[in-house]
Amino acid sequence: MLLALCSAKRSKRKHYTPCKNIVLYYHDIIYNGTNAANATSSIVAAPQGANLTKLAPQFHFGDMIVFDDPITLDNNLHSKPIGRAQGFYMYDTKNAYTAWFSFTLILNSPYYEGTITLAGADPTIKTTRDISVTGGTGDFFMHRGIATLITDTFQGDAYFRLRIEIKFYECW
Amino acid sequence: MLLALCSAKRSKRKHYTPCKNIVLYYHDIIYNGTNAANATSSIVAAPQGANLTKLAPQFHFGDMIVFDDPITLDNNLHSKPIGRAQGFYMYDTKNAYTAWFSFTLILNSPYYEGTITLAGADPTIKTTRDISVTGGTGDFFMHRGIATLITDTFQGDAYFRLRIEIKFYECW
Amino acid sequence: MLLALCSAKRSKRKHYTPCKNIVLYYHDIIYNGTNAANATSSIVAAPQGANLTKLAPQFHFGDMIVFDDPITLDNNLHSKPIGRAQGFYMYDTKNAYTAWFSFTLILNSPYYEGTITLAGADPTIKTTRDISVTGGTGDFFMHRGIATLITDTFQGDAYFRLRIEIKFYECW
C-alpha cells in the first residue's frame, strides 16, 4: 500500500528538461602521512580518539576533509585537468558511509570558464546521489540545478573518483 | 526617528504566500565522552585550549559539531523518524550564543521523499531565526524558501530539539 | 586560437543589470595565541603537524577558520559596525593562496536589516573573485546574486580587510 502510494506520488512529479548538461570527473587522494607529494586532500578535523592521517573508525564519522582535486573530462586521473574541485566533505553517520559535501568546481579551460558551487548529502551506499547547485559564476552565472554523483571507482581509503553530472534547469 | 524609519521600511516589504509549508522537529544529543550509544552529534574541531568532549568556554566560540540527527513530525524524540538532518554547525561568537548552520534534511517516508539543503546564521538568543533553503532534490526539486528555527527545548549542553518550519516560495 | 575562442565565447555572454547593489567592508583579525581581546577569528582545525595559533605551512593548506567579523560601510576598522560577517573559511591549496568561504552577512542597521548567505571559492591571487549569494532573509528575502571580493588591505597574517560588492540579479 505505502509503496503504491509513494510510487503514485513520485510518478506525479513533473519532468523538466535541462537547459545545460555537463559531465565531469574528479579525483581524490587523501593524505595518509606518507604521500604528501600526491595527496589532493587532507583530514583536518576528527572526532575524539581519531587522528589526521587515518580515517576514523565507525564509518569515519566526524572526519572532516579539505580537498583540492583535479577535474577531468574523462575518467583518467592523468588526463589534462580542466579545473579544480575545492571545498570539503565530512563523514556524518556512525553506522553507514554517508558524507556531506560543500564545494566549488572551478573550471578554467577553453570548454568552460566559471564556477559551480554545490552542497548536499552524499549517502555513498546509493549508486547515484543528488546534491544541489547553490550558485554559479562566469559561464554559469546565476545558474541553478542538480548534480548527480556516482562513485566511478575507489581503492580502499587511498583513492576515489567521482563522476558528476550537472543538469542545470535555470540558465541565464 | 530611526525606529520609525525602520518600521516604515519594513512595513513596505511585500508579502508572499508560500507554495508549500512543512513543520519538522529534529533532535541533537552531543557526544560528551560517555554517551556514545545515544549521541547523534560530535565536536570535531575546537579552538586552542578546548577539547572534543566538552563545549568550549566563551560561548563555545570555535566549536564545530558534525551531526546526524533524527527528524520527527512531532516534538517527541521517540517518535518514528521520517528522515535525518545531516551536516554541521559551529558556534561563532565570543560574547553570545550564536551558531552558523549548513546541513541537509534527508526525508525518506510516505510523506516526503527528497532532500532540503539549508544554510545560515542562527543567533540562538532570538526566539525565531530565519535561514535560507539553498537547494532541494526529489519532492523538493529546485525549491527555494526560508526556514524558521525555534529552539523547542534544551537540557543544558546535553540535548536540544529544534522546530523547523520551512516555507517554500518557489516550487517546481 | 584558443584565446580568440575564449574571448569570443565570453563576449557572447549576456549582460544583466543588478536590481540591487551593496558595497560593504569586513575586517578579520586572526587569533595568534596572544590577542584574545581583539581577535575576531580563530583557527579551529588544521592539518597534521600544524597548530591552532599559527597558520600552517604550504600556503596554509588545511587550516579552517571560524570568524565573527565586524562589517562597516567604509574601509575603516573603527567605523561603527552595521552588522557581522559570521561563518568560516578554509585554505585549500598547497601551492597558492586560495580559500573557500561559506558565511552569512548579518545586517542590523537603519540601512539594512536581514541576512545574506554566501559560498564560493576565493583564489586570493586574483584581484577580484566572484562568489555566489546562496540565500537571503529580511530585506534580502529570497534574493540571489553574485558577490565580488577584493582584498582591500592585509598586514601579513595579522589582519585583512575585504571589500565585498554584492550585485543582486533576482530581487523579490
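This is a predicted model: local features need pLDDT of at least 70, side-chain atom pairs count only at pLDDT 80 or more; totals for chains, interfaces and linings use all residues.
1. Relation of the copies. Chain A is superposed on chain B by a rotation of 120° with 0.0 Å of shift along its axis, and the RMSD is 0.0 Å. The two copies are thus related as by a three-fold rotation axis.

2. Surfaces used. Only 17% of the interface residues of chain A are also interface residues in chain B, so the copies meet through different surfaces.

3. Extent of the interface of chain B and chain C. Here 36 residues of chain B are in contact with 39 residues of chain C. About 2800 Å² is buried between these two chains, and carbon and sulfur atoms give 62% of that area. Gln48(B), Trp100(B) and Arg144(B) supply 19% of the area that chain B buries against chain C, more than any other three residues.

4. The rule finds 1 salt bridge across the interface of chain B and chain C. The side chain of Arg144(B) meets that of Glu170(C) in a salt bridge, at 3.3 Å from N to O.

5. Make-up of the chain B side. Several elements of chain B give two or more residues to the side that touches chain C, among them α1 (2–11), β4 (83–91), β5 (98–108) and β8 (144–155). By class, this side of chain B has 19 nonpolar, 8 polar and 9 charged residues.

Methods. Residues are numbered from 1 along each chain as its sequence is written. Chains are lettered from A and ligands numbered from 1 in the order in which they are written. Side-chain values use heavy atoms; hydrogens and water are left out. Copies are superposed by least squares on the C-alpha atoms of residues with pLDDT of at least 70 in both. Contact means heavy atoms within 4.5 Å. Buried area is the accessible area (1.4 Å probe) that two parts lose on being put together, summed over both. A salt bridge is a side-chain nitrogen of Lys or Arg within 4 Å of a carboxyl oxygen of Asp or Glu. Helices (H or I, at least four residues) and strands (E, at least two) are DSSP runs, numbered from the N terminus. Ala, Val, Leu, Ile, Met, Phe, Trp, Tyr, Cys and Pro count as nonpolar, Asp, Glu, Lys and Arg as charged, and the others, Gly among them, as polar.
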